[in-house]
Amino acid sequence: METEPAAGAASSMGAAAEKLRAFCAAFPELTPETVGLLLMANPAAVAGPPSEARTKLEALSKALDLPLPAVARLVAKAVSTKPDLPLPAVARLVAKAPSTKLDLPRPLVPPTWGAPAAAAVQRLGPLCQELGLSLSAAAELVTAQPSLWDIAQPAVIRDRMEGLATKLSVSIPDFAGLIARQPILWQLKPGQINNSVSDVGKKLGLSKPEAMALVSSMPVLLVLDPRLLVLGVGGLAPTLGVPIKKLQELLSKSLGLVAVPAEVLGANLETLAAVLDVGVDGVLELVITQPALLAAQAANLAATLEELSDALQVTRTQALALLARQPALAYDFDAATIKARIDALAKAFTVSSEEMRGLAIKQPALLVITPNTIRGALRAMADQMGKQPSQCLQLLVDDPGAFVLLGYLGTVIDQWCETLEVDADAVAKLVSRAPALLEMSPNTVRARLQSLAALFGVPVGIALQLVGKHPALATIPPNATITKAKSMSLALGCSMQMAAGLMAKEPGILCCCASPPGELNRDLKPYADDIDEIVAAYEYYTMEWISGQLREGAPKITSFSGMDKRPGMGRP
């Protein structure tokens, strides 16, 4: 009796996935996430063919002189819509529309989907004139701040922007460009600003365009105590032989390192590169993408790189990039194990081992999920959707976690939800980020989360969020993480509680604590308190600004009629 609804749901989801793929194919310029957001904000688009949706967007693109991706973001803007919306949720939406009434957020932009393109141009004209912006720049501004559509007098917008632009030492058009790239800058208050864009450039050795780019990715730089801006990025880049943009990207991910002198950070990065036997650029990429992996011992990581290089026939730098994507490879994997898994997968999908090796390089998650688990998912795909293994291979490569979850329907996924005390979407997100966790029991995963929660002094729910952001924390054995915290405590001359807090909130600092306590680590000691201060400032101001964004973006009731809940009355 229970199999019929399950089969119906699977069939509906399959049709939804096909429809979503059709829309994605019609918009090759857009990411699947952007297509999903577009459909979320405009459910009427789902009723028509993808070609009709494309025609509408192209007309608006031409009228606003904006590329299609920018126009899609404008039309897709809606309250409470997140850019990291999981595709399964989008597929469920597509499965419902258009026959089912959807509980969607109210769009903040005017009904650009149904209105002529000229209406949007007419609406933006006064804003362009008041702020001295081009039509495309004005459209990008309201894409970042949809609430601006509701302000009838552009002079009000100018007054707010003019004061902030003056404090930042930039023009109004430049400030509008910063907001377009970083919406929460709209929430900045003149009294909070301690550093202008020029100040940031001078202290970090950056040109004005470089400083603006860094501020747009990390606006907290503007409110920090000026004494904390220490890292001379402009001088460090040529010393290390890396592009300056790479160090800017590092600061956009690990702001605390801005308090570390260039000679200290540079020396630690070079030492770590020597231990791992890779270039400094490879180490930087690791710190940017998966800094928590450095909670493992550097010597252990070096040995793993040797095994991966041998098994996959790649360079050590390529192996490090693969390890950053799947930190679970740092433990219990050797060349023989990896080769055996490749052979087993090749047999399951009836392809050559050489082809499977190439796919494993493209998607290293294939190596951390056992062949038995994948075979179970294949059986589920065959039973539910009639898919043959050859039809499933690309699905597996695209999203291994989601693919394998198909084999965990019913009571098993319920067990994960119950044990971790989260919903099914949270489980899906977790295993998508760290598919190796599927090889553990839910109780083992919970035990690891509890261990991390105890180490960092946070609730289990917060530990789960940290793991979602830094999957290495869940895949590295807890004893290794605890050992690293003790090592950091000794090296930095601080309490273990503070060391663990820095590891959780600013894991980028681990690149300066990757080797045993010694001269280089002691060089970092005088800056530990400054790093902690920066982390606290980041938490405080980003929370304040994001809260401000949510308040401004919330639908506003402006009359008593809007409070009338009777059918057909009040706000839609």
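Colleague: Why is Asp225 called partly exposed?

Modeller: In this predicted model, the relative accessibility of Asp225 is 32%, and because buried means under 20% and exposed means over 50%, with partly exposed in between, Asp225 counts as partly exposed.

Colleague: What makes Arg227 and Asp225 a salt bridge?

Modeller: The side chains of Arg227 and Asp225 meet at 3.5 Å, N to O, and a salt bridge needs a side-chain nitrogen of Lys or Arg within 4 Å of a carboxyl oxygen of Asp or Glu, so the pair of Arg227 and Asp225 qualifies. Arg227 has a relative accessible area of 46%, and since the class of exposed residues begins over 50%, Arg227 is partly exposed.

Colleague: How do you know that Glu306 forms a salt bridge with Arg316?

Modeller: The closest N and O atoms of Glu306 and Arg316 are 2.8 Å apart, and the cut-off asks for a distance within 4 Å, so this pair is counted as a salt bridge. The pair links distant parts of the chain, with Glu306 in helix H17 (residues 298-312) and Arg316 in helix H18 (residues 316-325), ten residues apart.

Colleague: Are Glu306 and Arg316 buried or partly exposed, and what makes them so?

Modeller: Arg316 has 17% relative accessibility, and because buried means under 20%, Arg316 counts as buried. Glu306, with a relative accessible area of 47%, falls between the limits of 20% and 50%, and therefore Glu306 is partly exposed.

Colleague: What makes Glu162 and Arg158 a salt bridge, and where do they lie?

Modeller: Their side chains meet at 3.6 Å, N to O, and as the cut-off is within 4 Å, the pair of Glu162 and Arg158 is a salt bridge. Both residues lie in helix H9 (residues 154-168), where they are four residues apart, about one turn of the helix.

Definitions and conventions: Residues numbered from 1 in each chain as written. Predicted model: local features only at pLDDT ≥ 70, side-chain atom pairs only at ≥ 80, totals over all residues. Heavy atoms only, no water. Helix = DSSP H or I, 4+ residues; strand = E, 2+ residues; numbered from the N terminus. Buried < 20%, exposed > 50% of the residue type's maximum accessible area, 1.4 Å probe, protein only.
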